[in-house]
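Biologist: Could you put the model up, so that we can go through it together?
Modeller: Here it comes.
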Amino acid sequence: MNATVAASSSKPGTASAKARAHKHGTPAAHPPKHSKHHAHKKHRKKHRRHKRHKKHLTGLPGAPAPPTIPLNPPPPSNTPPPFQGGPISLAQARRLLWRAGFGPTPGQAEALAGTPIDEAIQNLTRPSGEPALHGPTPTDDEGNALTPADAWGQDHCWWLDRMVRSDQQLVERMTFIWHDWFANSNSKVNDQQRMLDQNALFRSHALGSFDDLFMAVTSDPAMLVFLDGIYNNKWDPNENYAREMMELFSLGADRGAYTETDVREMARALTGWTADWTENEGLQKFRFDKNRFDEGTKTVFGKTGDWGWEDAVRLCVSHPLHASYFVSKLWSYFVPAPPSQETLASLQGLYNSSGHSIRAVVEAILAHPDFLNGPELVTPPVVYNAGLLRAVGRGIDTTAWSWLCSGAGQQLFYPPNVAGWDFTRWLDTSTAKARWELASYVTSETYANPWPGKGEAKYSETEEALPALESALAYWANPQLTGETHQSLAEFAQTCLEGGVIQAKWQNSPFRAIRQNALRMLIATSPDMQVS
Amino acid sequence: MAQSCSCNDFYRTRNHAIAQAGSGLPSIEPGQPLPAGSGMDRRSFMLRSVGAMLSVYGAGALSPQHFEEGIAAAAAATPPKQPVLVSIFMEGGWDALSVLAPVKEARYHELRPNLGKKEGEGTIFAEDEDLMWHPQASGLAQLHAEGKVTVFPAIGYDPPDESHFTSRHYWEVGELNAQTRSGWMGRYLDVAGDSQNPLQGLSLDYQLAPALATTKVPVAAVSSPSDYQFWAYGLGDPLTNPTLDAFGRLGELGAPSPAFAQARTASLDTNIIRNQVAPFAEHEGKPGFTSPVAYPSAGGDFPLRLAALAAMLDDEELPIKCVSLSAVGGYDTHSDEVETLSTNLGETVASVLAFQRDLEARKIDDRVIIQLWSEFGRRPEENGSGTDHGAAGVSFLIGSRLKGEMVGEFPGLSKLDENENLVNTSDFRAMYAGILGQWFQTEAGLVIPEAGTGLAGPSAYGNVPALIA
């Protein structure tokens, strides 16, 4: 499996591309063995084989649960949150398409500008029917259909394709948010199909009821493996899911929402899940087995009963500190600074009165002036990648995107840990370099060739500096740059071939082609293009 | 790679790479106007003593010669005495009771019927004969016998927090404050570092370690020097270096928001680091350095990063002060602990041992200490095939200059805390205070609130140990 990746993912700097492809893939921790099972030998062997693909540990979650979760939230209020009406500006349209989707296709933002804001938002939040995928179907580097359940990295590319081509952009974006919220990694689940099933679950609940989503996730096989639900039984309670369902999924740490005793009692409520391990198919037949369930009474959040796993979810979502956690965390995916007390109170009220509707809260966030007019947000690596592909009209025709995104800090289906990726720390000297590599790869089929073969068109021998910059901007579907950045690029375009750089007439065309490629790279990797 | 290198002409390789890195860049002479379009003044020049291109920002009207001298001084400090801390994180909460197992205690075997280590499996820990080294930690036992390991057998803080993220955050920021956004090493660099030099705080990873997050001075993340090469389709001479320089220049412009500032800073620092690490990158199939010792092949990127780091530390002109990297694998062993821990611990310790031997062979072991840490230890009572989150854990400092005396004793399993976890006998903030005060010779209280001088003696966090021999 690795050989395919190495052979197919390396055009630039072949050796390092191979080395990188080779590095990816290994579990941070070994997948768990099914402890009560006898057929250990084969199972262990399987893990050893996987071990060769050493996955680097990306993403260090510096902060605890995002600092935007309020310690003392205001009570919910019935006042609607502030919203902006009127037509959407071009800048707002671009932002909406980048933050609630995966960036504009050529002309899309321009066409959306002037539409009433609520209509522009509802186009995203209220899609009808099944999503359609426009454009060429995804393939690997040899033109074969992707096999996302089997081949390394093709799970990433399969989903990236949906991000690039789906006409229900927000549904994909919400699926992406749920993948981070309920962050499971295939490094431990070790079954791509199981991760894809979970992905379908996220998509089907993308904008529905959070309670339904949480309930479905709690009994989802990938989650039962990832947080050891199948090892949690009445004899040996395992606290892994109990703690994270409160800390990360519904209530937040260090807010006084629960105690260590609640963690232990909740673990007992969650006992009973199990699965069988078979030689050929690994873990199968995920089910609730009441013989493994602790039927005694448990006291959680001061409430006593013979709680089971569904009660565990209900107890969390009916906790008085749940609504403030939910709306604050969801807000943080769309807006960089925390909401005001009034907005926080209103969003909680809306969440509760709508029956924990995700769609209702997302619509309110997208219409909020803080979203439409507030400061920039750094674009996550996968969104950046999908956005560049959408801008140049390229589909998935290589599996290189999986290792390229990984270098930039985000490989889908491999979040760094159960807290997901740190959305406040995407850019540093390592990931900025990886974005350079990624942007270059996006141009691999359409860069201006300085050295065309016989019969191929030569690049212009006379192109002036400013038209060159215009042409490079058009290549990326005319993204928004600040005046300062534009000026700096214009100066580069004007000076880079001056001062005796061109010494012979034959250099006019190739050096202008190189300048064009340089400008395209500088635009795509500019700080301006990393934010929306 | 490193261990099988046949190219031993280290300096020639290096200079070749430097020539590449610097080619095509205009030289800046005194009196030359500032680069057009930039919001700050900026100078690029060859730092002759290092032979590397450097770009410098925001330093007013100093002449390039001034810069050269200033940077050479700041960058090189007073070699070879410039102290370095290499901090290695065992992610997930490693099981202290397996790493240093209290095998003589009957209670241990009651709590750990499946996972407990048995007497005779590993070396007895000489400072407390009730404890036994995990067989896969034999490299640590060996260094400990040489007096180069300071053991903290039950380190933590009160009250303990059993969340990975909260506890890790406390260790990263050096205080029990969930809101702090700068790391403890980052704040040390804010106090003692250089406003021009991102290499002083180096994450050998694909992303910056939170413990290195600063508020004032720049720091860097580099997965490895050989990965840090810039290439693009259809880009080449004569425009490669001018383009990369233009890329860095975009990092100097105004930023209307914190997100924009993060993006601008990343561009700016990327361009500086690119020039600094170029000499250590593999070039045309030849490694940028040779290692005097063999590193293990197991452990993925970890041994490769340590090998490159030793070579970089051996260049006294590179102003590296704090380094952070992650150990092999994960340690959150709720299930399948025996195999997972053995593999990851074994691969990590073997590489750390090689790194220490490398430093010794290069004769720079007197200016480096290594810290092994984890966010907590695990619950004494096993859950079947694994262990849940606990409180006090184990931590090590490794280095030739250390006293190598245990800090705090092992508290035993007869008296656990209210959550049935191991109680601590030392506080991580006292360890940090000791590193700051005695190793870096910086007042600890400037970095860790209320930590005092950091010299040995009582503090707000219990006794600060005497660390240095």
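Biologist: How many residues does the contact take from chain B and from chain A?
Modeller: This is a predicted model, in which local features need pLDDT of at least 70 and side-chain atom pairs count only at pLDDT 80 or more, while totals for chains, interfaces and linings use all residues. Residues are numbered from 1 along each chain as its sequence is written, and chains are lettered from A and ligands numbered from 1 in the order in which they are written. The contact takes 76 residues from chain B and 77 residues from chain A, where two residues are in contact if their C-beta atoms, placed from the backbone, lie within 7 Å.
Biologist: Which element gives the largest share of the side of chain B that touches chain A?
Modeller: That is α9(B), with eleven residues; helices are DSSP runs of H or I with at least four residues, strands are runs of E with at least two, and both are numbered from the N terminus.
Biologist: And how do α8 and α9 of chain B pack?
Modeller: Helix α8 (residues 240–249) of chain B packs on helix α9 (residues 258–277) of chain B at an angle of about 140°, with the axes 7 Å apart; axes are lines fitted to C-alpha atoms, for helices over the stretch in contact, and angles run from 0 to 180 degrees between N-to-C directions. α8(B) is therefore oblique to α9(B), since angles under 35 degrees count as roughly parallel, over 145 as roughly antiparallel, 65 to 115 as roughly perpendicular and the rest as oblique.
Biologist: Which residues meet there?
Modeller: Leu244(B), Asp245(B), Phe247(B) and Gly248(B) of α8(B) meet Ser267(B), Leu268(B), Asn271(B) and Arg274(B) of α9(B).
Biologist: Switching to chain A, how many helices and strands does it have?
Modeller: Chain A has 25 helices and four strands.
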